[in-house]
Amino acid sequence: MATIVLDHIKKRYANSDALTVKDFNLSIKDKEFIVLVGPSGCGKSTTLRMIAGLEEISEGGLYINDKKVNDTAPKNRDIAMVFQNYALYPHMTVYGNMAFGLKIRKLKKSDIDKRVREAAQVLGLEEYLNRKPKALSGGQRQRVALGRAMVRNPQVFLMDEPLSNLDAKLRVQMRAEIAKLQRRLQVTTIYVTHDQTEAMTMADRIVIMKDGEIQQIGTPEDVYKNPTNMFVGGFIGAPPMNFLPAAISEQGALISDHLVPLSQDTLSKLSDYKGKSVIAGIRPEDIVSVKEAVEDAFPATVDVAELLGSESLIYTRIGETSIIIKTTAEHVRSGEQISLALKPDKLRFFDAETEKRIL
């Protein structure tokens, strides 16, 4: 059982004036699955390592179960960490790797054996206990790393890009296994990844980071539907949100010389921007495409169409603006002219200068 609070956490490395992590604030509930996501160099792994005690906290307080642990040694924080490279001992068997941490803690042999075999059963590793890591696949090695963390019965799991060395198919399988395992064990978990698909499919809440700062915290659905700024809209979603230059009028949004009518409620929220330029954002699945010309629709040119089985991604252009559409399987060719209609209630508007959402 563990709650975690990061209170105004900052990280500055020696001989540097710049902060790697800037004023990080987050409260994590017991049993919650939190995912830190963002591009390389955004500070997510550094934040995880500060929670683990592997990096010193420059400013702020880290609390586990209301106890400040800034100066507590990693081994005394009752956490278990799963690394990107598995960090298995090559000369030990699967059993030996999973049991090693318990032997160091001087547990009884019978207790060690019970914990290892229970974890092996949960992870499907029973028939591999006598093998060494070199005789295992990538997915099996990752399960061993998870098993080594499990047997300790920690308060907190920390996972630093644990699936990045696996192929695409195995990543899908393993992320489902990790999510299922976390819900079964009911252990507070903090997971770091640069893959927004992992974040969206696994997290109770997502923390999106950029340049050492939190951009948004929310459920996967919330950050997808209501991004707080253009960075979040462009980072979360595959493919990402489309962004279109727009101007607000009395009737709606003028986009590429076409008026998109807006509700009175939306217009009232945009009242300060009437006559001004803004950025309109819309998800690829919220654009309707038809081959015939339709009133109030945008004429667009198809650049590329990708058939993905039951759906297609169509890359188009409205003037100089590129737009991606996600639709049911549709046969269109490069250079073909189609018409696009935007769903007005799905439009999100951003300040053109600050790139922040206009609420």
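Visitor: In this structure, which side chain meets that of D204 in a salt bridge?

Guide: The general idea is that side chains of opposite charge can pair when their charged atoms come close. In this model, which is predicted, the partner of D204 is R183, and the N to O distance of their salt bridge is 3.5 Å. The pair links distant parts of the chain, since D204 lies in the loop between helix 6 and strand 9 while R183 belongs to helix 5, 21 residues apart.

Visitor: Are D204 and R183 buried, partly exposed or exposed?

Guide: D204 has a relative accessible area of 31% and is therefore partly exposed, and R183, at 40%, also counts as partly exposed.

Visitor: How many salt bridges does the structure hold?

Guide: The structure holds 14 salt bridges, and one of them joins the side chains of R171 and E198 at 2.5 Å, N to O. This pair, too, links distant parts of the chain, with R171 in helix 5 (residues 168-185) and E198 in helix 6 (residues 196-202), 27 residues apart. R171 is buried, because its relative accessible area is 15%, and E198 is buried with a relative accessible area of 2%.

Visitor: Which residue forms a salt bridge with E250, and where do the two partners lie?

Guide: The side chain of E250 meets that of K274 in a salt bridge of 3.4 Å, N to O. E250 is in the loop between strand 11 (242-248) and strand 12 (252-255), whereas K274 is in the loop between helix 9 (264-269) and strand 14 (277-282), so that the pair links parts of the chain 24 residues apart. E250 is exposed at 55% relative accessible area, and K274 is partly exposed at 34%. Elsewhere, salt bridges that share partners join K10, R12 and E59 into one network.

Visitor: Which residues gather in a patch of negative charge on the surface?

Guide: The patch is made up of D7, D23, D211 and E213. Of these, D23 is placed in strand 2 (residues 21-28), and with a relative accessibility of 38% D23 counts as partly exposed.

Visitor: Turning to the strands, which way do the residues of strand 3 point?

Guide: In a regular strand the side chains alternate between the two faces of the sheet. In strand 3, F33, V35 and V37 point one way and I34 and L36 the other, and all are buried. Strand 3 (residues 33-37) is accordingly described as mostly covered, with five of its five residues buried.

Visitor: Which strands does strand 3 pair with?

Guide: Strand 3 pairs in the parallel sense with strand 8 (residues 188-193) over five bridges, and four bridges join strand 3 to strand 9 (residues 205-210), again in parallel. I34 illustrates both contacts, as the bridge partner of I34 in strand 8 is I190, while I34 stands opposite R205 in strand 9.

Visitor: Where in the backbone is there a cis peptide bond, and which residue in the loop between helix 5 and strand 8 has a positive phi?

Guide: Most residues other than glycine have a negative phi, and most peptide bonds are trans. Here the peptide bond from A238 to P239 is cis, with omega near 0°, and P239 is found in the loop between helix 8 (230-235) and strand 11. Q186, in the loop between helix 5 and strand 8, has a positive phi of about 60° although it is not a glycine, and Q186 counts as partly exposed at 38% relative accessibility. N15, which is not a glycine either, has a positive phi of about 65°; N15 is found in the loop between strand 1 (4-11) and strand 2 and counts as exposed at 86% relative accessibility.

Key. Residues are numbered from 1 along each chain as its sequence is written. This is a predicted model: local features need pLDDT of at least 70, side-chain atom pairs count only at pLDDT 80 or more; totals for chains, interfaces and linings use all residues. Side-chain values use heavy atoms; hydrogens and water are left out. Buried means under 20% relative accessible area, exposed over 50%, partly exposed in between (1.4 Å probe, protein chains only). Helices (H or I, at least four residues) and strands (E, at least two) are DSSP runs, numbered from the N terminus. Two strands pair if DSSP finds at least two bridges between them. Patches are made of residues with over 30% relative accessible area and no salt bridge: like charges are joined within 9 Å, nonpolar side chains (Val, Leu, Ile, Met, Phe, Trp, Tyr) within 5 Å. Accessible areas come from the Shrake-Rupley method with a 1.4 Å probe; for residues, only the protein chains shown count as cover. A salt bridge is a side-chain nitrogen of Lys or Arg within 4 Å of a carboxyl oxygen of Asp or Glu. Lys and Arg count as positive and Asp and Glu as negative; His and the chain ends are not counted. The place of a charge is taken as NZ of Lys, CZ of Arg, CG of Asp or CD of Glu.
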